[in-house]
Amino acid sequence: MTTDTPPAHRPHVSIVYCTQCNWLLRAGWMAQELLSTFGEDLGGVTLVPGSGGHFEITVDGHTIWERKRDGGFPGPKELKQRVRDVIAPDRDMGHIDREKTAPHDPPGTL
């Protein structure tokens, strides 16, 4: 996507969070992570107050994460990958896409 695309035509993320569970800060942090990573590729991120332990993230109305279904909350890596898979599947996310490798042995060890 280019930054010339009007915001109305860019993907929109919604995060529904439970106000009873005090998940506003978590939802806000996730919104910040997405906006920092995807910048102008997104048309916006909306925080939607909910209740009953509900926590759901959608992109253009399609659920990409649901707390009860997916077993908790996504980490930033998984969240960004799921959003990327919807809005720009060919985009390379750099270190986020690379497999974690075992650390090298320290010098002087066998």
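User: Is phenylalanine 55 buried or exposed, and what is its relative accessible area?

Analyst: This is a predicted model, in which local features need pLDDT of at least 70 and side-chain atom pairs count only at pLDDT 80 or more, while totals for chains, interfaces and linings use all residues. Residues are numbered from 1 along each chain as its sequence is written, and side-chain values use heavy atoms, leaving out hydrogens and water.

Phenylalanine 55 is buried, with a relative accessible area of 0%. Buried means under 20% relative accessible area, exposed over 50%, and partly exposed in between (1.4 Å probe, protein chains only).

Rings of Phe, Tyr and Trp (its six-membered ring) pair if their centres lie within 6.5 Å; planes under 30 degrees apart count as stacked, over 60 as edge-to-face, and the rest as tilted. By this rule there are three aromatic pairs.

Phenylalanine 73 counts as partly exposed, at 25% relative accessibility. Trp23, Phe55 and Phe73 form one aromatic cluster.

Arginine 26 lies over the face of phenylalanine 73, at 3.7 Å from the ring centre. A charge sits over a ring if NZ of Lys or CZ of Arg is within 6 Å of the ring centre and within 35 degrees of the ring normal.
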